[in-house]
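This briefing goes through one protein chain by topic. Please look at the sequence and the model first, then read the points below.

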Amino acid sequence: MLQKLNLEHILFLDIETVPQKEGFDELDDELKSLWEHKTQYQRKDEFTAEGFYDRAGIWAEFGKIVCISVGYFKHEGSTRSFRVTTFHGTEIKLLKEFKNLIITHFSATRHLLCAHNGKEFDFPYIARRMIINGIELPYKLDLFGKKPWEVAHLDTMDLWKFGDYKNYTSLKLMTKVLGIPSPKDDIDGSQVRDVFYEENGIDRIINYCEKDTIAVAQVLLRLRNEKILSADEIRHV
C-alpha cells in the first residue's frame with residue numbers, strides 16, 4: 001500500500017519542544033503542584049519535581065513548541081526534489097503559519113501528515129498547543145472521537161512495528177539499520193532545552209529539526225524500497 005501513495009501528497013514534519021519556563025521557580029504555586037503530581041510516577045524517588053523540570057518539554061501542558069520543520073516532495077518530469085522549511089518565532093505565530101500551510105496546500109482527503117512517533121507525540125502535541133493558544137484546529141488535526149487506527153496520518157515508527165505494538169524504535173536506530181545518513185551530528189533531543197534557554201541557539205535547533213524531517217522522508221523511501229535522497233535533491237526554502 002505504501003507504494004501506491006503519491007509522495008507529493010505527504011507533508012513530512014518534526015517538532016522541537018522545550019519547557020514553557022526556563023526554570024521551575026518561574027511557575028506559580030498551582031502549576032508547581034500540578035507538575036509534581038503529573039510526574040510522580042516518572043520521577044519515582046530519583047528526582048525532585050524541581051530537578052525533573054528540565055524534561056517538561058515532553059508534556060504539552062508544561063512545554064511549548066519552538067519550531068516545526070516540514071518537508072514535501074516535488075517531481076518535475078524525471079527530477080525529484082525534497083523541499084524543507086521551518087516555522088519558528090513565538091509559538092502562536094509558528095502554529096498559525098503551520099495551520100495556514102495545511103489549510104492551503106495539504107487539506108484534501110488525499111493528503112497525509114507523516115512523522116516519526118507522530119501519532120504518539122507530534123500530532124497530539126501540536127493539537128494541544130493550538131487549543132491552549134486559542135487556535136481552532138485544522139481538519140487534519142481534529143482527531144476528536146477517532147480511534148488510533150482510524151487516524152490516516154503516517155507514522156514511520158508505527159509502520160516499522162508491523163503489528164508489534166510493544167516495539168519502540170528510535171529514528172536514529174532506524175536510519176542506522178536502513179543505511180541512511182544519520183541526522184544526529186550536532187545535538188540530540190535531550191540538549192534542545194539547554195541550547196534554547198542557555199545558548200539562545202534557535203538556529204542550531206532548526207538545523208537539527210530539519211535534519212530529522214529529512215530523515216523521516218528517507219525512512220519512508222526505504223520502506224517503499226526506493227532510492228534515498230541525495231544531498232543535491234534536498235532544497236532548503
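The side chains of Asp194 and Arg193 form a salt bridge, with N and O 2.7 Å apart; a salt bridge here is a side-chain nitrogen of Lys or Arg within 4 Å of a carboxyl oxygen of Asp or Glu. This is a predicted model, in which local features need pLDDT of at least 70, side-chain atom pairs count only at pLDDT 80 or more, and totals for chains, interfaces and linings use all residues. Residues are numbered from 1 along each chain as its sequence is written, and side-chain values use heavy atoms, with hydrogens and water left out.

**Salt bridges**

- Side chains of opposite charge can pair when their charged atoms come close.
- By the rule given above, the model has nine salt bridges.
- In the pair already named, Arg193 is buried at 14% relative accessible area, while Asp194 is partly exposed at 33%. Buried means under 20% relative accessible area, exposed means over 50%, and partly exposed is in between (1.4 Å probe, protein chains only).
- Arg224 and Glu226 also meet through their side chains in a salt bridge, at 2.7 Å from N to O. Arg224 is buried, with a relative accessible area of 8%, and Glu226 is partly exposed at 27%.
- Arg193, Asp194 and Glu198 belong to one network, joined by salt bridges that share partners.
- Lys119 pairs with Asp158, and the closest N and O atoms of this salt bridge are 3.7 Å apart. The pair links distant parts of the chain, 39 residues apart: Lys119 is in the loop between β4 (112-115) and α4 (122-132), and Asp158 is in helix α5 (residues 156-161). Helices (H or I, at least four residues) and strands (E, at least two) are DSSP runs, numbered from the N terminus.
- Both partners are partly exposed: Lys119 has a relative accessibility of 27%, and Asp158 has 29%.

**The chain as a whole**

- The protein chain contains eight helices and six strands. Their order along the sequence is β-α-α-β-β-α-β-α-β-α-α-α-α-β.
- How compact is the chain for its 237 residues? Its radius of gyration is 18 Å, close to the 18 Å from the globule rule, so the chain is as compact as a globular protein of that length. The radius is taken over C-alpha atoms, and the globule rule is 2.2 Å times the number of residues to the power 0.38.
- Along its principal axes, the C-alpha trace spans about 60 × 35 × 35 Å.
- Of the 237 residues in the protein chain, 46% are buried.
- Among contacts with a separation of 6 or more, 72% are between residues 24 or more positions apart. A contact means heavy atoms within 4.5 Å.

**Surface and charge**

- The protein chain exposes about 12900 Å², and carbon and sulfur atoms supply 50% of that area. Accessible areas come from the Shrake-Rupley method with a 1.4 Å probe; for residues, only the protein chains shown count as cover.
- There are 33 positive and 38 negative charges, and their mean positions are 7 Å apart. Lys and Arg count as positive and Asp and Glu as negative, while His and the chain ends are not counted. The place of a charge is taken as NZ of Lys, CZ of Arg, CG of Asp or CD of Glu.

**Two residues and their contacts**

- Ser81 is part of strand β3 (residues 79-88). With 6% relative accessibility, Ser81 is buried.
- Which residues does Ser81 contact, leaving aside its neighbours within four places in sequence? They are Tyr72, Phe73, Lys74, Glu233 and Arg235.
- Leu5 is in the segment before β1 (10-19), and is partly exposed at 26% relative accessible area.
- Not counting residues up to four places away in sequence, Leu5 touches Ile10, Leu112, Leu154 and Arg224.
- The C-alpha atoms of Leu5 and Gly57 are separated by 33 Å, and the two residues are 52 residues apart along the chain.

**Positive phi angles**

- Most residues other than glycine have a negative phi.
- Lys44 has a positive phi, near 50°. Lys44 is in the loop between α2 (40-43) and β2 (63-76) and is exposed, at 59% relative accessible area.
- Asn200 also has a positive phi, near 55°. Asn200 is in the loop between α7 (192-197) and α8 (202-223) and is exposed, at 66%.
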